[in-house]
Amino acid sequence: MVLTGDKEKVFYNAVWSAVGCNHREISKLKSGSETWEEIFKRLNSNAVKSEPEKEWEKIEKSGIKLIFSGEPDFPEFLREIYWSPLAIYVKGEVDFLKNPSVAIVGTRKATEDGIEIARQFGRGLAEAGVT
């Protein structure tokens, strides 16, 4: 199968999935000049079974982009935070990442009240022109 995306992105995505989408864990795995493909193969030898190319196809078909921290489209403000991500997934217009923005971080098990408060907060920010 031909990989349509950058090979390092294909294997970064596979490693990301293998560690349960955990930023700190994936950061610990990256050492020096080891490629994401090499890291994946190391994990794969420890019973992590996945098909990186098929997973990547789903990402591409969904219109999702993966941006590494060293790429020009990676938001500058994210490079400045403690535990800066090695990469981010973006769906939609990448240029919006250069605008002032706010992130609302929550839980996977949000309460109804929490969801409503976040909705109101987000609506107010959007109406004020914040993305």
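I began with strand S2, which gives the most residues to the lining of the largest pocket, namely 3; strands (E, at least two residues) and helices (H or I, at least four) are DSSP runs, numbered from the N terminus.

I noted that this is a predicted model, in which local features need pLDDT of at least 70, side-chain atom pairs count only at pLDDT 80 or more, and totals for chains, interfaces and linings use all residues. Residues are numbered from 1 along each chain as its sequence is written, and side-chain values use heavy atoms, with hydrogens and water left out.

I then looked up the space in the largest pocket, which is about 450 Å³, a volume being the space filled by probe spheres set on grid points that are joined across faces, edges and corners. A pocket is an open set of points on a 1 Å grid over the protein atoms alone, where a 1.4 Å probe fits, with protein on both sides within 12 Å along at least five of seven lines, and lining residues have an atom within 4 Å of a point. Of the 15 lining residues, Phe 77, Leu 78, Leu 97, Val 102 and Ala 103 are the closest to the centre of the largest pocket. Helix H5 (76-79) and strand S2 (87-91) are the elements that give two or more residues to this lining.
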